[in-house]
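This report describes one protein chain, working from individual residues up to the chain as a whole. The sequence and the structure come first.

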Amino acid sequence: MKIIGTGRANPAVVVTNSMLEQFLDTSDEWIRERTGMAERRVISSEKLEDLAAEASLKAIEDAGLTPADIDYIICSNVVNEYATPGLSCIVQGIIGATCACIDVNAACSGFIYALDMADDRLKSGKAKNILVLAAEEPSRMVDWKDRSVCVLFGDGAGAVVVTEGEGMIGSRLTTVSKTDCLHYFRTLEPTPYITKEEEGKPMYMNGREVFKTAVLSSSRDIKTLLDAAGLKPEDIKYYVLHQANMRIIEAICNHLGLDMSHFPHNVDRYGNTSSASVPILLDELNREGKLQKGDKLVFSAFGAGFTTGACIIEWTK
Ligand code: ACO
């Protein structure tokens, strides 16, 4: 597998920390110090599928292809307005592709799970050009009265197009069933046979527990992959990490004994966009001309499940 195109799309509405101060018992200082976030983009009049389609079309154009050339779409998504059909199917229609489509939900690690699936599909010879997309609206999962959670998230979409090539150096996926520290319940339709009251609950997160688990698991995944590939931490040009919290990114940087020049970030501008955060950051690096052929990149993410995903990529574009 190799990446041949990237794209992203973010909602128009910018929510700054001082805007949150107007309806929450919080402060710009607290949010910046604890998370590194200054603002986030939040869906208002847009639909997630339109952002997803915009990111996809940009990635396809960057790859020098048209939607007709795409022969499989994998979309990482946790929540959108439709429980079914999958978001990938809706995006397929908007962009005018005709291929098979599938959604995956591995929470914030979903983009890396989707990339890993794309790698396997290319290896099996079942597809040639795959659109790997992550589109998320966590702003619709949180209680906007809960200051400990709602300040952390933003919405957005990121996409890549991959084809056959030698760009995937290694990948590692892990899952430990652990629903107590991070989950979100939706209501389902009542039936004559269900006696319990249906009750939706906004996202619950034990922030401290997630913080510790995230730092340890991401550092472990990255070290395991580097060792397997015979690489040293400094051989990696950029660590494109899940943008959940600046302090988590700094802690992983310390674990690896590197300086922050290897850790590009945009969590200050977008907040945590769940599985879309890695492809959004990758697209920024690509479009800013910061990636050169032969650069080695690490992607690493963690999320509800508890899932983790990491991979080492060689930039071949
Ligand atoms: N503004 C002001 N005060 C706040 C806010 C807020 N927005 N939120 C919490 N506080 C208060 C708490 O009530 C608490 O007050 P108390 O001491 O009087 O009880 C105090 O700040 C400290 O709270 P902690 O939770 O201990 O703060 P911490 O330093 O752990 O930071 C944070 C909280 C930012 C959530 C941190 O734990 C974190 O980033 N965790 C990881 C979160 C994460 O990565 N989530 C996503 C993972 S997976 C996915 O992407 C879905």
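Asp 119 counts as buried because its relative accessibility is 5%, where buried stands for under 20% relative accessible area, exposed for over 50% and partly exposed for what lies in between (1.4 Å probe, protein chains only). Lys 123 has 63% relative accessibility, so it counts as exposed. Asp 119 and Lys 123 form a salt bridge, with 3.1 Å between the closest N and O atoms; the criterion is a side-chain nitrogen of Lys or Arg within 4 Å of a carboxyl oxygen of Asp or Glu. Both residues belong to helix α5, 4 residues apart, about one turn of the helix. Helices (H or I, at least four residues) and strands (E, at least two) are DSSP runs, numbered from the N terminus.

The model is predicted: local features need pLDDT of at least 70, side-chain atom pairs count only at pLDDT 80 or more, and totals for chains, interfaces and linings use all residues. Residues are numbered from 1 along each chain as its sequence is written, and side-chain values use heavy atoms, with hydrogens and water left out.

## Other salt bridges

The count of salt bridges comes to 18. Side chains of opposite charge can pair when their charged atoms come close. Another pair is Arg 32 with Asp 28, at 2.9 Å from N to O. Helix α2 (residues 28–35) holds both Arg 32 and Asp 28, 4 residues apart, about one turn of the helix. Arg 32 is partly exposed, with a relative accessible area of 45%, and Asp 28 is partly exposed at 24%.

Lys 178 and Glu 209 also meet through their side chains in a salt bridge, at 3.2 Å from N to O. This pair links distant parts of the chain: Lys 178 is in strand β8 (residues 168–178) and Glu 209 in helix α7, 31 residues apart. The relative accessible area is 23% for Lys 178, which is therefore partly exposed, and 26% for Glu 209, which is likewise partly exposed. Elsewhere, salt bridges that share partners join Arg 8, Arg 269, Asp 283, Glu 284 and Arg 287 into one network.

## Ser 109

Ser 109 sits in the loop between β5 (100–104) and α5 (110–123). Ser 109 counts as buried because its relative accessibility is 0%. A polar atom of the Ser 109 side chain lies 3.5 Å from the backbone nitrogen of Gly 303.

Which residues does Ser 109 contact, leaving aside its neighbours within four places in sequence? They are Ala 301, Phe 302, Gly 303, Thr 307, Thr 308 and Gly 309, where contact means heavy atoms within 4.5 Å.

## Nonpolar cores

The largest nonpolar core has 44 residues, of which Ile 222, Tyr 239 and Phe 263 touch the most other members. A nonpolar core is a set of buried Ala, Val, Leu, Ile, Met, Phe, Trp, Tyr and Cys residues joined through side-chain atoms within 4.5 Å. At least two residues of this core come from each of α6 (147–150), β10 (201–205), α7 (207–229), β11 (238–241), α8 (246–255), β12 (296–303) and β13 (305–314).

Neighbours within four places in sequence aside, Tyr 239 is in contact with Ile 222, Leu 226, Pro 233, Leu 256, Leu 258, His 262, Phe 263, Pro 264 and Val 298.

## Glu 314

Glu 314 is part of strand β13 and is partly exposed at 25% relative accessibility. Not counting residues up to four places away in sequence, Glu 314 touches Gly 167, Ile 169, Gly 294, Asp 295 and Lys 296. Glu 314 and Lys 201 are 113 residues apart in sequence and 41 Å apart in space, C-alpha to C-alpha.

## The chain as a whole

The chain has 10 helices and 13 strands. Its radius of gyration is 19 Å, close to the 20 Å that the globule rule gives for 317 residues, so the chain is as compact as a globular protein of that length. This radius is taken over C-alpha atoms, and the globule rule is 2.2 Å times the number of residues to the power 0.38. Along the principal axes, the C-alpha atoms fill a box of roughly 50 × 50 × 35 Å.

Of the 317 residues in the chain, 54% are buried. Among contacts with a separation of 6 or more, 76% are between residues 24 or more positions apart.

How values were computed: Polar contact = N/O pair within 3.5 Å; in protein donor to acceptor, adjacent residues only side chain to side chain.
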